[in-house]
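Please look over the structure shown here together with its sequence. The report below is meant to be read alongside both.

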Amino acid sequence: APKKSSSKKSNNSPITKAKQQSNVVEEELLGPSPLNLSTIHKPFKNSNYKTPKKSKNLKQILAAERTQELALDVPTYQNIECPPSVLPQKKYCDVTGLEAKYTDPKTGLRYHNSEIYQFIRTLSVPNVQAYLASRNAAVVLK
Amino acid sequence: MSEPPIYTLDEKEYDTPYYSIRTDYEDSFSNTKTPIVIDNGSYQCRAGWATEKNPALIFDNVVSRYKDRKINLNMISVGMDAYADPAGRSNARSPFDGNVVCDFDRMETILDYIFTTLGINTSSIDHPLVMTEAVCVPQYSRKHMDELLFECYNVPSVMFGIDSLFGYYANGGLHDDDGSGVVISAGHTATHIIPTLHGKGLLERTKRLSYGGTQATDYMLKLMQLKYPTFPTKMTNSQAQELVHNHVHIADDYQEGLKMIENRDTFDNVDRIIQFPYTAPVIEEKTEEELARQAAKKEENARRLREAAAKSRLEKLVKREEEYEAFTELKNAKAISTKKDWIARLKATGFKDEADLDDTIKQLDSAIQRARNKELGIDEHEEKEPPITTLVDIPDDQLNEAEKKEKRKQKLMKANYDARQRAKKAKEEAKAREEEQERLEEENRLRDPEKWVAEVKEKRQAVVDRIKQRKRLTMELSDRRSRASQLRMRSIANLASDTPSPKRQRRRKEEEDTFGADDEDWMIYREISREDESDEEEEDLSILNHYESLLLQYDPDFLPEHAYEATSSPTNTLMHMLARGKYPPYDPTDIGQMHQLHVNVERIRVGEVLFQPSIIGLDQAGLTETMNDIIRTFNPEERKQAVKTVFITGGFSSLPGFSSRISSSLQEILPVGTLYSVKRAANPLLDAWRGAAMVAQNAHYNQYAITKKEYEEFGGEYIKAHGLGNAFR
């Protein structure tokens, strides 16, 4: 049976007691405040449990999973990702979003008509890259 | 035309604290072993007692650690409470990375919040737990989740499942048609397509598309930033989310939708104006009396100036008159005094000789006359009589010095006068010619109106072409690599070189360089110079205006919108229409309009990415293609069963038009005549929790829970496959 978890209240020295009281008074003056989980008493927690400080992010987790080799038909987090499309892709104008019948050879931007083309010609390099980045086609220098 | 509706962005305000701690634990739930159901989603967490109809807590799945400046206390807030303080709002973080829980410190805080709010005051959680996890969640995540639940909270048992399958269960999915179907779960971080057979989810055939609510929000934000680079305020993620939730829909036919936007007439059906909050500038409204005072002051100043000017004029006039009198007196004195004395007097007053004196007197006289006339308001017409030319014809050698000088002066004045006469005559001639032309035009017009209109149209077109040609040329010249630039360079090089091209020499057949003798040669400098030909352009524009005014008057087909200015002005372009709408017309000085956005293409584009992920460059197959692949994995009998129920759930699926689009997609991929139906979850957000609650109370599923003993024996990755969740690897 788990031990009785120790109280999370701070020790009863006069200074801390005074602080607590003043906090309470202040809280009453300032009105309702959100639930503060750092000070609230949680009896249901095991006091011996130590929260792991380090946590991996998804990329690291998946990298570790990749090393574990499984049979090919077992579904894993990475397995079930949709594969690339085999159908021909419709191209859309990077500036307006309408159908793009043309591509500018200089910048690689797709455009809808000559008016948009005139606009594209006036764009500076960072703006061009911003438009390309919206469809993940910007030049990324590693 | 009515004013189009303007939509605003509402900032959501939450109560503080969002949930108060429940007090019914002792009475209702203590010692009852009621299961606690937690639908742990990447967008929201929904938790509560399984016996209740609705989850007791629904909150955004975020944790915020910050220091509250007002009461100087370190705070840890969860969910909507984190949004109460601005410092908290910016610090709000999710325990999720994608749709997988990675940060268990924050997960622990979330669980603390849930259990505290439910009012649990026992020394351990004495209730079985039902939780959701991601499809094919990595073992690391489940292991740490188990560890957290069993070791920190001492939960007796835990059952994991997939949220969309729980939702399917809640909507009766497992009982219809032998529990076969396709579940489409459009979630916050991803969209899953899970086929089911005989009541069990087939995870080997499941597919996940990495586009969900959060990617849609990010894309909307990016699109808006590209469309309005000079927008005065920064758009936040939550505002973009508002836009997506309220204004995005799924087009049934994307190409048709785009055509509707491009067409100026149907554009207004799609376009929406979003007004961002802004502060109107405070204009100091001057009161009536202040304005009157200012006007009076101005009047006063003007009057004073006028008076001063009049006074100075008067003074000058008086002075001139005095001088005039003095000089005439001096002149008259010639008759009285001796010549020597008089000449001495002249010199003393500062005149060289008598002629000088005469001139001065004459000038003074005319000046006085002019001033007098101005006072009296007589309009004076400058009548210049032909000058005296007595000495002009006499040859030089017959004259003395003074007379020679006189002659030169007379010659000059004669030349001036002649030139002026010539100019006047030329002007009159030009005017006569113009009038003649106009008369001819009128005759032409009256004689044969259609032909005349056609002629004017042609002339106008010629001018337009000329203008366009000039524009094109200037643009070409600015580009160094164009042909025009190269030709220009060649001519410059030729001019500058010491050895001009052989062609020139051959033609000239001369040794010397005779460039410049011919006027035509100097024209080359005109071509080289890159200065703008604005005066020619102005000329062309005025001619164009003239033709257009004629056409407007006499040609019924020529409307103001056909005029050159209207077709070339920036307010007429496609981009302007998409960014600023059509009506009311955009006024750059209006602060309210500066803070407005127009969503038109974005409304359908953001949703369309699900079906065409290549729009954002995501290298995955779209929803329709993936559904096709999955349905093909069934054998033909199973296929018929499976498509009878296509179940749609998940928050992102509540976008208008979603289910009808799925329906059309199914029609595309299934053979003609196949019976299929698309079923929407009754409540896309809450049904997962409800299904999990149903499962928690269903005794049949109790065997699938992992008890603490099994956790200790088999480890944290262990799980029992029950058809509504993952399988053990």
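The sections that follow describe chain A, then the domains, sheets and helices of chain B, and end with a single residue.

## Chain A

The model discussed here is a predicted one. In it, chain A has 4 helices and 2 strands, and, read from the N terminus on, these elements run α-α-β-β-α-α. Of the 142 residues of chain A, 29% count as buried, while the accessible surface of the chain comes to about 9800 Å², with 55% of that area belonging to carbon and sulfur atoms. Among the contacts in chain A with a separation of 6 or more, 24% are made by residues 24 or more positions apart.

An unreviewed UniProt entry places the feature "domain: Vps72/YL1 C-terminal" at residues 91-120 of chain A. In the model, this span is 23% helix and 13% strand, and its end C-alpha atoms lie 17 Å apart.

## Domains and coiled-coil annotation of chain B

The domain assignment divides chain B into domain 1, made of 33-171 + 685-714, and domain 2, made of 288-376. The C-alpha centres of domain 1 and domain 2 of chain B lie 103 Å apart.

For chain B, an unreviewed UniProt entry places the feature "coiled-coil region" at residues 288-315 and 354-384. The span 288-315 of chain B is 100% helix and 0% strand in the model, with its end C-alpha atoms 41 Å apart.

## The six-stranded sheet of chain B

In chain B, 6 strands form an open sheet of mixed pairing, in the order S4-S3-S2-S9-S10-S19. Strand S4 (57-60) and strand S19 (706-707) of chain B each have a single partner strand and stand at the edges, so one side of each is left without a neighbour in the sheet. Strand S2 (residues 36-40) of chain B pairs with strand S3 (residues 44-49) of chain B in the antiparallel sense over 5 bridges, and the bridge partner of B:Asp39 in S3(B) is B:Arg46.

Helix H5 (residues 163-170) of chain B packs on this sheet, where it touches S2, strand S9 (129-133) and strand S10 (157-162) of chain B, and its direction makes about 85° with that of S10(B). Helix H26 (residues 687-697) of chain B lies across S2, S3, S9 and S10 of chain B, running at about 145° to S2(B).

## The three-stranded sheet of chain B

Another open sheet of chain B is formed by 3 strands in the order S1-S15-S16, again with mixed pairing. Strand S1 (6-8) and strand S16 (596-599) of chain B stand at its edges with a single partner strand each, so one side of each has no neighbour in the sheet. From one strand to the next, the twist averages 35°.

Strand S15 (residues 272-275) of chain B pairs with S16(B) in the antiparallel sense over 4 bridges, and B:Gln275 has B:Gln596 as its bridge partner in S16(B). Helix H7 (residues 237-247) of chain B lies across S1, S15 and S16 of chain B, and runs at about 145° to S15(B).

## A residue of helix H7

B:Gln241 has its place in helix H7 of chain B, and its relative accessibility of 22% makes it count as partly exposed. Leaving aside residues up to four places away in sequence, B:Gln241 touches B:Tyr43, B:His188 and B:Thr217. B:Gln241 and B:Tyr140 are 101 residues apart in sequence, and the C-alpha to C-alpha distance between them is 31 Å.

Technical notes. Residues numbered from 1 in each chain as written. Chains lettered and ligands numbered in written order. Predicted model: local features only at pLDDT ≥ 70, side-chain atom pairs only at ≥ 80, totals over all residues. Heavy atoms only, no water. Domains from an automatic or database assignment. Buried < 20%, exposed > 50% of the residue type's maximum accessible area, 1.4 Å probe, protein only. Contact = heavy atoms within 4.5 Å. Areas by Shrake-Rupley, 256 points an atom, 1.4 Å probe, with all protein chains shown as cover. UniProt positions renumbered as here; feature names shortened; annotations may be inferred. Pairing = 2+ DSSP bridges. Axes fitted to C-alpha atoms, helices over the stretch in contact; angles between N-to-C directions.
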